Amino acid sequence: NVNKSEEGEYVYLRLNFMTPGQATGKKEDNPFDDPNANFIRAFTYRSTDPLLSEIYKKIIELKKAAAKRETERKEREDLIAQDKLVEMRAGRRPTQRLSDVFVRPGLEGKRVPGELEIHENGLRYHSHRTTQKLDILFSNIKHLFFQPCDNELIVLLHIHLNNPIIHGKKKTKDIQFYREASDVQFDETGNRKRKY
């Protein structure tokens with residue numbers, strides 16, 4: 001890690017390193033066989049140059065990026081590679097599809113309508129505005145629930161998966177496709193001018 005402190009006109013930058021046998025970590029985490037080996041645990045720079053503050057910011061950004069990459073790698077470790085979707089084509093587009101369908105969780109955090117298509121071995125959702133596609137194979141579906149629009153505002157298709165997939169940038173086992181049942185909107189504000 002790195003620490004920054006200021007005293008008068010000087011800026012101090014202290015860099016601390018992880019070394020084998022350190023009191024903060026377990027010995028098994030950083031094994032090293034040579035008992036006579038020497039390590040640098042920390043060193044400090046002192047300067048009046050404002051560039052040291054910029055270096056501190058860059059080191060912090062680098063640590064954040066490395067931690068983010070590590071969490072993404074750990075998240076993807078238990079993913080099982082899916083087979084390819086076998087597309088069923090009748091001319092240019094599949095004949096079995098639902099249009100104006102939304103997906104939850106949304107692609108890139110946005111609520112964008114798209115189309116849900118059925119193919120030989122699974123479902124494909126693709127958005128109208130982005131190039132992203134979401135493929136779900138029938139072999140990976142554990143449960144599939146359908147909620148009709150009886151006394152509801154949306155028609156819902158909920159899919160619970162056997163193995164998680166990456167959707168957007170996150171790992172998920174539950175995906176919902178829904179469509180709003182009514183496009184008609186009512187104004188119930190009581191404003192007489194709007195009603196007429």
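A: Happy to. Let's settle one term before we start: a residue counts as buried under 20% relative accessible area, as exposed over 50%, and as partly exposed in between. Arg97, at 36% relative accessibility, therefore counts as partly exposed. Do keep in mind that this is a predicted model.

Q: Good, and which residue does Arg97 form a salt bridge with?
A: Glu115 is the partner of Arg97, and their closest N and O atoms are 3.9 Å apart. The pair links distant parts of the chain, with Arg97 in strand S4 and Glu115 in strand S5, 18 residues apart.

Q: Is Glu115 buried or exposed?
A: Glu115 is buried, because its relative accessible area is 6%. Arg97, on the other hand, is partly exposed.

Q: How many salt bridges does the structure hold?
A: There are four. One of them joins the side chains of Lys4 and Glu6, at 3.6 Å from N to O. Lys4 is partly exposed, with a relative accessible area of 33%, whereas Glu6 counts as exposed at 53%.

Q: What about Arg73, which residue does it form a salt bridge with?
A: That would be Glu70, with the closest N and O atoms 2.4 Å apart. Both residues lie in helix H1, three residues apart, or about one turn of the helix. Arg73 has a relative accessible area of 42% and so is partly exposed; Glu70 is partly exposed too, with 33%.

Q: Let's change topic to the sheet. In what order do the seven strands come?
A: The order is S7-S6-S5-S4-S10-S9-S8, in an open sheet with antiparallel pairing. S7 and strand S8 (141–147) are the edge strands, and each pairs on one side only. On average, neighbouring strands are turned by 30° against each other, direction ignored.

Q: How many bridges join S9 to S10?
A: Ten bridges join these two antiparallel strands, and S10 covers residues 170–180. As an example to look up, His158 has Gln176 in S10 as its bridge partner.

Q: And S6 with S7, how many residues are between them in the hairpin?
A: Five residues are between S6 and S7 in that hairpin. The two strands run antiparallel and are joined by five bridges, with S6 spanning residues 122–127. Leu123 stands opposite Ile136 in S7.

Q: Now the backbone. Which peptide bond is cis?
A: Look at the bond from Arg104 to Pro105, which is cis with omega near -10°. Pro105 sits in the loop between strand S4 (97–104) and strand S5 (114–118).

Q: What is the phi of Asp100?
A: Asp100 has a positive phi of about 55°, although it is not a glycine. For context, most residues other than glycine have a negative phi, and most peptide bonds are trans. Asp100 is found in strand S4, and its relative accessible area of 40% makes it partly exposed.

Q: Where does Asp49 lie?
A: Asp49 is in the loop between strand S3 (42–47) and helix H1 (51–77). It counts as partly exposed because its relative accessibility is 37%. Asp49 and Glu9 are 40 residues apart along the chain, and their C-alpha atoms are separated by 9.1 Å.

Q: Last topic, pockets. What volume does the largest pocket have?
A: About 400 Å³. The largest pocket is lined by 19 residues, and Gln82, Leu134, Asp135, Ile165 and Ile166 lie nearest its centre. Strand S7 (133–137) and strand S9 (154–167) are the elements that give two or more residues to the lining.

Q: How many of the lining residues are nonpolar, polar and charged?
A: The lining of the largest pocket has ten nonpolar residues, four polar ones and five charged ones.

Q: Nice. Which strands should I display to see the lining and the sheet edge together?
A: Start with S7 and S9, which give two or more residues to the lining of the largest pocket. S7 is also an edge strand of the sheet, as is S8.

Terms used: Residues numbered from 1 in each chain as written. Predicted model: local features only at pLDDT ≥ 70, side-chain atom pairs only at ≥ 80, totals over all residues. Heavy atoms only, no water. 1 Å grid on protein atoms, 1.4 Å probe; cavity = no way out; pocket = protein on both sides within 12 Å on 5 of 7 lines; lining within 4 Å. Points joined across faces, edges and corners; volume = space filled by probe spheres on them. Helix = DSSP H or I, 4+ residues; strand = E, 2+ residues; numbered from the N terminus. Nonpolar A, V, L, I, M, F, W, Y, C, P; charged D, E, K, R; others polar. Pairing = 2+ DSSP bridges. Axes fitted to C-alpha atoms, helices over the stretch in contact; angles between N-to-C directions. Buried < 20%, exposed > 50% of the residue type's maximum accessible area, 1.4 Å probe, protein only.
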